[in-house]
Amino acid sequence: DPPAGFYGRFPKVSLINSKAEAEIRYTTDGSLPSSDSSIYKQPITMLFGGDVVIRAQTYIAGRAMSPVVTQSYLTERTFNMPVVSLTTAPEHLWDDDLGIYTPGRNSNEGGRVANYWNEWERPIHVEFFEPDGTLGFTADAGLRILGWGSRSNPQKSLAVMFRDRYGVDQLQY
């Protein structure tokens, strides 16, 4: 609480748990929470401006007891078009061995050898916001680099893949 959306400044975010014996673990870097993640003890406040994604999950005795909840907080801006927030662990994009958005360790552009030339798909969470900040939809999905023309460019085309393995095989919105 409050829900994902657009805010003038970062709100105090409270994580609510219905099981007294469970602890809430959370991250703000896009990665999935684990039993080693920060323990929620008080409302989360950010001392800097900007956008933050909070991912949270309840744990009992080190075991995950709930699905991961992901919410994006976009601050200090207004938008005149819809906004899509894609959340994933940083290594899914930037790691030299498995990141889909980076050249990688053994890149050779002349031979089209780079991580982004592979047909890899990484798990993400996607949120779609209307220009007024209303959340249109939220879902787990996959992310792939799309097409051939932009793969070696700094800005690459992306495809969001809805599949059964992520929980939603198609999206109607």
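Visitor: In what order do the four strands of the open sheet stand, and what is their pairing?

Guide: In this predicted model, the open sheet has the strand order β7-β8-β9-β10, with antiparallel pairing.

Visitor: Why is one side of β7 and of β10 left without a neighbour in the sheet?

Guide: β7, residues 83-87, and β10, residues 158-161, stand at the edges and have a single partner strand each, so one side of each lacks a neighbour in the sheet. Direction ignored, neighbouring strands of this sheet are turned against each other by 40 degrees on average.

Visitor: How do you know that strand β8 and strand β9 pair?

Guide: Two strands count as paired if there are at least two bridges between them. Strand β8 (residues 121-129) and strand β9 (residues 135-145) have nine bridges in the antiparallel sense, and therefore they meet the definition of a pair. Val 126 stands opposite Ala 139 in β9.

Visitor: How far apart are the mean positions of the positive and negative charges?

Guide: The mean positions of the 16 positive and 20 negative charges of the protein lie 2 Å apart.

How values were computed:
Residues numbered from 1 in each chain as written. Predicted model: local features only at pLDDT ≥ 70, side-chain atom pairs only at ≥ 80, totals over all residues. Heavy atoms only, no water. Helix = DSSP H or I, 4+ residues; strand = E, 2+ residues; numbered from the N terminus. Axes fitted to C-alpha atoms, helices over the stretch in contact; angles between N-to-C directions. Lys, Arg positive; Asp, Glu negative; His and termini not counted. Charge placed at Lys NZ, Arg CZ, Asp CG, Glu CD.
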